[in-house]
Amino acid sequence: MASIGRRGFVKGATLGALAFSVGGAEVLMAPGEARARNVPFRLLDGHQGETLEALGETLVPKAREAGIAHYIDQQLSVPPQESLLQARIFNFRPPFAEFYRSTLLTIDDRSQKLFGKEFAQLAAKDQREFVDRMRQNKIEDWKGRPAALAYAVLRADAVDVVYGTMEGYEALGIPYMPHIAPEKRW
Amino acid sequence: MTNEKVDIVIVGAGASGSVYASVMAKAGKKVVLLEAGPDWELSDLISSEIWGRRIKPAGAPILLEGKNPMGYAAQAGWGSGGASLHYFANFPRLLPTDFRMKSEHGRGHDWPIAYEDVSFFYDKVAREIGVSGDARAEERWRPAGEAYPMPPMKTFRNGDIWIKPLEVSGIPMVPAPVGMNSVEFKGRPACLYDGWCHVGCPIGALANPQVTYLGDARKAGAELRAFSTVTRVLTNQAGTRVTGVEYYDDKHQKQVREASVVLLASWSAQNPRLLLNSATDKHPKGLSNSSGFVGHFMMTHTVASTWALFDEDVQNHMGTIAVQYMSYEHYPKTSQKEAFGSTFWTAGFALKTTDLANSRPDLFGAELDDYMKRAARNLTGIKAFGEELPAMENRVELASEKDEFGMPLGKLTHTFQPDAVALWNANLEDGEKVAKAAGAKEAWPARGAIPTSHLLGGTIMGTGASNSVVNSYGQSHEIPNLWIAGPGIFPTEGASNPTFTLFALSQRGAEQLASQWGTLTN
């Protein structure tokens, strides 16, 4: 492929891991590893990351551990033509970060209205209730893209990090059978 | 960078552009392909649904509107190979009835050609790039032709399990023809049946352009320039001929490439966008648009999916993304009492984890995890593709917003007409009956938003400038050295996958272009 100008992307594509910033250097690792090593976010703030993890875990168990917030954060930091996010397939117009930022704001705002707390602070059963309402577009005064669409995109991201990796296939007992395998089982 | 005049400049290095590049380069013409995306190599095609998104468009050059917006980015291409770098390589053909819908039913359009004008090229393409299937079995529904060069692909339980229930439901199935190798073909290996076709086949078992027409074109001297975005087709002062194209190169510098012939091959939505953006005082509505039809009659297929969980392991990780079986039994336009249009039935295809999750989009949390574990070995499905009739209001226009090069974005407005919706519903009901006959443990239709598959129309062919944009070869009615290729020139869509037909039409058009070159360029 003709180079599209980002060393991290090209190497990542070859090795199958993503480029995270650690101590001023770019290190290739899987998002779950980045989370475990407490790698700082590039674009998200701590609260946004916490909210994404809570959403991801509600949508797909183990999404937090798989590094959903680090995955989305790293992917929002690369040019859109290098992005692997589902927002690309949903035909969103870049920058994709706008969708995540505005959606997280709306979620916290509506969560406060419905349950008196921000989403990440809710009990698991209330988080589930909130997401189920999102799925059905049944949250009053929702702002931005429709709640059901936000549910679909965030669910797809969580499915990616939990079930879309080689480890995810293995956990489900599905042979991965790659022609060209992503290294580091991702 | 040199920009000397060439014989033909081709806008887009996907399926149709690659056919023209191959034919014209072999005919000794100097060919340049300008491709907006990267120049992908087989080694870029990582077996991962996540990494596979790199070969699809990013951003939104086409804005999507209407009640049933087209699933554009999932199906479009970006880079050499275009959408056919990640296509499923299903190679059914249109049937004779598709070419004469207006005459037979008073609906839609007639094509200016008949099935017999294309059948020779179906066979030629099959010989050229390799098709696996059983032509004799298909001939219960279509005129006889040549046998396919390879036997049918292997089948797996996820497909075989549907054959009897479909048969007893009045839908007999036959092996599906696919652009994949069931055995080694022209030095390309046989398929491994691991289901990664849709993120790009790096071994060459699937007939993507890199290992077929585009590879041949390069061997014959065609040049491909990546990251080259064409913004206008240029014309002479009289407006009687195109003179080349304006484009932005990989350094975002504006360039002009002169050519004797310009071929637009950038898929159904981008071709009209370019024609409309190339308006001049001689062509105030855009090039080749005296009919006012440029951008209109956009079409897509409905997909009626029925999912089923069985007690047995159906090996759903095995096979290809292409289908194992197909049926034209419900293809006659009046097969459904309450709807109009063709239906094309398919069964048997490999599933990945995204497919498993998408088969129950309502589930999340622990319920989704439980479902994924059950679906991992026991889920399979059938799909019925439904025809949509051409409608003037389904269209591509220029939007007020612009891209990074100052070119207006395209706006694709699409709404399924009542016939298409009725056909989709009828096909879902049929699917439920089949699943019941199959004895599935659980079965459900994929309702919700109507899925869209494929994108056709926008630059339709016809008999003259009053009723169409191009003739049956893809040549503009109004500017003889401007040609258009791809599914955009289909005046009706049938219900079967379009790529085999677009390959055949491109082969036919390219041979015509080469044969009349002297009169065209003098």
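This is a predicted model: local features need pLDDT of at least 70, side-chain atom pairs count only at pLDDT 80 or more; totals for chains, interfaces and linings use all residues.
## A walk through chains A and B

Start in chain B and select the buried residues of helix H9(B): Trp267(B), Ser268(B), Ala269(B), Gln270(B), Asn271(B), Pro272(B), Arg273(B), Leu274(B), Leu275(B) and Leu276(B). Buried here takes 20 or more other C-beta atoms within 10 Å of a residue's own; exposed is 12 or fewer, partly exposed is in between, and C-beta atoms are placed from the backbone. Helices are DSSP runs (H or I, at least four residues), numbered from the N terminus.

Residues are numbered from 1 along each chain as its sequence is written, with chains lettered from A and ligands numbered from 1 in the order in which they are written.

**Next stop: the core.** Select Ala21(B) and Leu263(B), the residues with the most contacts inside the largest nonpolar core, which has 211 residues. A nonpolar core is a set of buried Ala, Val, Leu, Ile, Met, Phe, Trp, Tyr and Cys residues joined through C-beta atoms within 7 Å. H8(A) gives the most to this core, 11 residues. Around Leu263(B), leaving aside neighbours within four places in sequence, look for its contacts Ile8(B), Ile10(B), Val11(B), Gly17(B), Tyr20(B), Trp483(B) and Ala485(B). Contact means C-beta atoms, placed from the backbone, within 7 Å.

**Where the chains meet.** Colour the contact: 40 residues come from chain A and 42 from chain B. On the chain A side, H8(A) brings the largest share, 5 residues. By class, that side has 25 nonpolar, 9 polar and 6 charged residues. Nonpolar covers Ala, Val, Leu, Ile, Met, Phe, Trp, Tyr, Cys and Pro; charged covers Asp, Glu, Lys and Arg; the others, Gly among them, are polar.

**Two helix pairs in chain A.** Show H3(A) and H4(A), which pack at about 125° with their axes 8 Å apart. Axes are lines fitted to C-alpha atoms, for helices over the stretch in contact, and angles run from 0 to 180 degrees between N-to-C directions. H3(A) and H4(A) are therefore oblique to each other; angles under 35 degrees count as roughly parallel, over 145 as roughly antiparallel, 65 to 115 as roughly perpendicular and the rest as oblique. Gly49(A), Leu52(A), Glu53(A) and Gly56(A) of H3(A) make the contact with Ile68(A), Ala69(A), Ile72(A) and Asp73(A) of H4(A).

Now switch to H7(A) and H8(A): about 115°, axes 6 Å apart, and therefore roughly perpendicular. Val131(A), Met134(A) and Arg135(A) in H7(A) meet Ala147(A), Ala148(A), Ala150(A) and Tyr151(A) in H8(A). That contact splits into 6 nonpolar, no polar and 1 charged.

**Last two picks.** Arg110(A) sits in helix H6 of chain A, and counts as buried because it has 20 C-beta neighbours inside 10 Å. Not counting residues up to four places away in sequence, Arg110(A) touches Ile139(A) and Trp142(A). Draw a distance to Glu140(A), too: 30 residues along the chain, yet the C-alpha atoms are separated by 8.1 Å.

Finish at Phe90(A), in the loop between H5 (86–89) and H6 (97–115) of chain A. Phe90(A) has 18 C-beta neighbours inside 10 Å, so it counts as partly exposed. Thr51(A) is 39 residues from Phe90(A) in sequence and 22 Å away in space, C-alpha to C-alpha.

Key
Two residues are in contact if their C-beta atoms, placed from the backbone, lie within 7 Å.
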